[in-house]
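Subject: Structure handover

Hello,

Here is the structure I promised to pass on. Please open it and keep it beside this email while you read.

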Amino acid sequence: MINRRLVYFLETNNFLHRCQSGFRKDRSTLDNLLALETDIRLAVLQRKHLVAIFFDIEKAYDRTWRYGILKDLHDFNLRGNLPVFIQNFLKLRRFQVRVGSELSDFFIQEEGVPQGSVLSVTLFSIKINGILNQLPFTVKGFLYVDDLYVSCAGEDMNVIQRQVQTAINNIQTWSVKNGFTFSTTKTAGVHFCRKRKLHLDPEIQLDGHKIPFVNEIPFLGIVFDKKLTFLLHIKTLKKRCERALNILRVLSSISWGADQPSMMRIYRSTILSKIDYGCMIYGSARKSVLQKLDPVHHTALRLCSGAFRTSPIKSLYVYCCEPALDIRRQMLSLHYFFRIASNSLHPYHNFKLRPSLLRLQNARKTFIPPFFSRMQAILMELNLNHISVTPQPTNTFPPWKVNRFYYLNPFENFSKPDTADTIYQKLFSEHRSHYHSFTPVYTDGSKSTNQTSFAVILPNNTYRFKLHPSCSIFTAEITAVVTALQEILNRSPGSYVVYVDSLSVL
């Protein structure tokens, strides 16, 4: 409850940095992965170097400065009982160590936030939030709780080195003042570049130690290599999935094995979830690289369905109701693209390539375009490039004022197959007689093979609308309700009753 109220206060006042993605609504690790991949693709397109430094904070939660958290809350102009509660929540935290059945004495934890508490993540985000304000305007930085990276692109390596070193010096000064310590052994850098001529990596220091530069680095579950081929990530992912295939081999026994629905459920949760994570980012790899994952997918479908090894692959897709991996990657990428397009607070909400970069991208056919260009190509192929995305409404209801919603369902205790139509008609007549003073508004949606439409019927008017053929029946039903509510708002005040035949919409 406290965390929800605190998050509402922070989000409505825009106190959290827009490039902080950790544990925020409609944000995820994919946002940081997308930012890094997009910057690398654009640097490669312009034949520039991009240097990225990936930081590691030592004992981030255990060393968080408690007084600094309270000071930041005070600077946010937060007053009243909430900061008092947080102060009492943080002070006098005690812990014991157990070895076998023996317990040690109690020790007082002087600093840090208690791990395992839902409130601790928000408090840590408040304290580390200011680190992104220390960067020069030429250096980009993204943060997912304590996973921080900064990057700088340019043609002259000496300029990049000076800019990144300035950013690291600022970060180091800020961290000393706010109680954070960076691990000089785990912090590493990657020099992303596809130039073939000999060029040295920059020499950048952190706290007097030279930052090592590596050819690949794991970041938020995805392995980035300096050429951005994602070959190592896909090879590593394939090995992990092949080990998990042993679970399906054990459970697919003919005499006592699980049934197909259970096998498919296990496959989707243990293997397909690993393949899905970050596929909108590593999906930009070459087709020959991505095809290395297809045998895992096909083997799992054969184990789940009990099909022969000679069974055609396309028949497996149909029988198991599971698409090919390339189609699944397109679907998940489009879902993520529309989620960004509907979130006006997302840092990449209005991302567009400059006309000069578009011309350069079209001129270089072998260049792998960034995420948004890839999505535009898919939308054009599916004839979806002209649809407009409805922005998500900002919820103005604070957590302490819950917006409860109720609806009437006089038919809920009747089974549709076992109830005669006359009973439904009688129930509806009784309902209408009880609410005879209310103006009735009827809504409905329908979908056929090549079109989707909906209608709103009022006593004196009937409104009919067509939607894009790709829209679902749910979209038609809920758009009809929204249209009905908008029409009611435009009419004179009174009592209205809206009739909907979709429980999902309600």
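Which residue stands opposite Ala188 in E8? Phe54 does. Keep in mind that this is a predicted model.

**The sheet with E8**

Strand E1 covers residues 49-55. Five bridges join E1 to E8, and the two run antiparallel. The sheet is open and has four strands, in the order E6-E7-E1-E8. The pairing is antiparallel. Strand E6 (140-144) and E8 are the edge strands, and each pairs on one side only. From one strand to the next, the twist averages 15 degrees.

E6 pairs with strand E7 (residues 147-154) in the antiparallel sense, over five bridges. Here Phe142 stands opposite Tyr149 in E7. Helix H6 (residues 157-178) packs on the sheet and touches E1, E7 and E8. The direction of H6 makes about 20 degrees with that of E1.

Is E8 mostly covered or mostly open? Strand E8 (residues 188-192) is mostly covered, with five of its five residues buried. Ala188, Val190 and Phe192 point one way. Gly189 and His191 point the other way. All of these are buried.

**The other sheet**

A further open sheet has four strands in the order E15-E14-E13-E16, with mixed pairing. Its edge strands are strand E15 (462-467) and strand E16 (496-499), and each pairs on one side only. Neighbouring strands of this sheet are turned by 15 degrees against each other on average, direction ignored.

How do E13 and E16 run? They run parallel, and four bridges join strand E13 (residues 439-447) to E16. Thr439 stands opposite Tyr496 in E16.

Two helices pack on this sheet:

- Helix H16 (residues 421-434) touches E13 and E16, and its direction makes about 160 degrees with that of E16.
- Helix H17 (residues 473-489) touches E13, strand E14 (452-457), E15 and E16, and its direction makes about 155 degrees with that of E13.

**The cores**

In soluble globular proteins, nonpolar side chains tend to be buried together. Look for that pattern here. The largest nonpolar core has 113 residues. Leu6, Ile53, Leu123, Phe224 and Tyr282 touch the most other members. Where does this core lie? Domain 1 (1-225) and domain 2 (231-382) both give residues to it, so the core lies between them.

Tyr282 is worth a click. Leave aside its neighbours within four places in sequence, and its contacts include Ile222, Phe230, His233, Ile234 and Leu237. Arg329 is also among them.

A second, separate core has eight residues. Val441, Leu458, Ala484 and Ile488 are included in this core.

**Helix H7**

At 1.5 Å a residue, its 21 residues should span 30 Å. The end C-alpha atoms of H7 are 31 Å apart, which agrees.

Which residues of H7 are buried? They are His233, Ile234, Leu237, Cys241, Ala244, Leu245 and Leu248. An α-helix has 3.6 residues a turn, so residues three or four places apart point the same way. Compare that rule with the list. The buried residues of H7 pack against strand E12 (222-225), helix H8 (260-276), helix H9 (279-282), helix H10 (287-290) and helix H11 (294-305).

Asp26 is in the loop between helix H1 (2-12) and helix H2 (29-45). Its phi is near 65 degrees, a positive value in a residue other than glycine. Asp26 is partly exposed, with a relative accessible area of 27%.

Asn77 also has a positive phi, of about 65 degrees, although it is not a glycine. Asn77 is found in the loop between helix H3 (66-75) and helix H4 (81-90). With a relative accessible area of 54%, Asn77 is exposed, because exposed means over 50%.

Asn343 lies in the loop between helix H13 (325-342) and helix H14 (355-363). Is Asn343 buried or exposed? Asn343 is buried, because its relative accessible area is 11% and the cut-off is under 20%. Not counting residues up to four places away in sequence, Asn343 touches Asp26, Arg27 and His349. That brings you back to Asp26, in the loop between H1 and H2.

Best wishes

Note on methods. Residues are numbered from 1 along each chain as its sequence is written. This is a predicted model: local features need pLDDT of at least 70, side-chain atom pairs count only at pLDDT 80 or more; totals for chains, interfaces and linings use all residues. Side-chain values use heavy atoms; hydrogens and water are left out. Buried means under 20% relative accessible area, exposed over 50%, partly exposed in between (1.4 Å probe, protein chains only). Two strands pair if DSSP finds at least two bridges between them. Axes are lines fitted to C-alpha atoms, for helices over the stretch in contact, and angles run from 0 to 180 degrees between N-to-C directions. Contact means heavy atoms within 4.5 Å. A nonpolar core is a set of buried Ala, Val, Leu, Ile, Met, Phe, Trp, Tyr and Cys residues joined through side-chain atoms within 4.5 Å. Domain bounds come from an automatic or database domain assignment. The expected span of a helix is 1.5 Å times one less than its number of residues.
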